[in-house]
Amino acid sequence: GFIAPVILAVILGLILWPDSLQEKIKKRCETYLEKHGLPSQNDCEKIWDSFRQAFVEKDPCEVPPDAYDSLIHTVSQVSQEPTCNRMMFWSKTKEKVHEFAKKCSYVTLEDFLLGFLLDNLTWCGKSGSQETFTTGCPSWSDCVNNPVRSFWIQASAAFAASACGDAFVMLDGAIDMPYNPDSTFASVEVKHFNSSIMKSLTVLLVTKEGDTKTCESDESLKHLQTDLGSNLKYQCKVVPQSQLQTCIVD
Ligand code: N1C
């Protein structure tokens, strides 16, 4: 009675396994388009195909960021426009930022189709094989041109380039370098801000209760101001963690 169905489920799981990444991404795609009232039909199939061609049949350490250009182009034709004045970037605050953004109507990359499709996923291919893998893939620092890292670099660059009006970034005030030159935020996004459509960047520096850290006392933020240059206005606000429950920062 009990063992047989379990064995059957495991076997069935193994048979369906090779398709699980495709199923997951197409499911996410359909869910997203439906929720945003966007007509879909073949769009999710098209999106899967351009995603796939970025890394399938390639050595998983030889997928450069521009391999995703075709995916980004395809997604931009299907998806919605950027939301000026509500765009929010982040670094080392992933858990906090999404809750806050949702509650206070900011939009992060994960609120756009491109980020939504691949958030929290791992994927890679293998040279000489048509398969897609979700395990045994190189991790972020194993090699520079790995499929996941290259994706986030290219997606973040496109997201930052589209930022318009007043933009925001949530940084972690409890760590040594809230603005870390090695982060995607510093190394990719800040470099792609376009001052002809973007006006200002406001840092929300999240601090622990009772911490005396200020925007001015943080050395790393001086580098952010320098990197922003003179065409973008810089602002910074300390936000004690408990205040993330409200939307009073604006
Ligand atoms: O390296 P980070 O943060 O500074 O990157 C965050 C920055 C955000 O502003 C996003 O717009 O870059 C964008 N971004 C994502 O949206 C994203 N979703 C999931 C970058 N990375 C993203 N991930 C994964 O988080 C990615 O796989 C990588 O490993 C982390 C980077 O997080 P971080 O170092 O806190």
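Helices (H or I, at least four residues) and strands (E, at least two) are DSSP runs, numbered from the N terminus. The model shown is predicted, and local features need pLDDT of at least 70, side-chain atom pairs count only at pLDDT 80 or more, while totals for chains, interfaces and linings use all residues. Residues are numbered from 1 along each chain as its sequence is written, and side-chain values use heavy atoms, with hydrogens and water left out.

**View 1. Ser129 in the loop between α6 (113-118) and α7 (147-161).** Ser129 counts as buried because its relative accessibility is 12%, where buried means under 20% relative accessible area, found with a 1.4 Å probe and protein chains only. The side chain of Ser129 reaches the backbone nitrogen of Glu131 at 3.0 Å. Not counting residues up to four places away in sequence, Ser129 touches Val56 and Glu57 (contact means heavy atoms within 4.5 Å).

**View 2. Helix α3 (residues 43-55) and what covers its buried residues.** The buried residues of α3 are Asp43, Cys44, Ile47, Trp48, Ser50, Phe51, Ala54 and Phe55, and their cover includes α2 (20-35), α4 (69-78), α6 and α7. Glu57, which follows α3, has a positive phi near 70 degrees.

**View 3. The largest nonpolar core, with 54 residues.** Such a core is a set of buried Ala, Val, Leu, Ile, Met, Phe, Trp, Tyr and Cys residues joined through side-chain atoms within 4.5 Å. Among the residues with the most contacts inside the largest core are Phe51, Tyr68 and Phe185. Apart from this core lies another, of 12 residues, including Met88, Leu204, Val239 and Leu244.

Key. Buried means under 20% relative accessible area, exposed over 50%, partly exposed in between (1.4 Å probe, protein chains only). A polar contact is a pair of N or O atoms within 3.5 Å; within protein, one must be able to donate a hydrogen and the other to accept it, and residues adjacent in sequence count only if both atoms are side-chain atoms.
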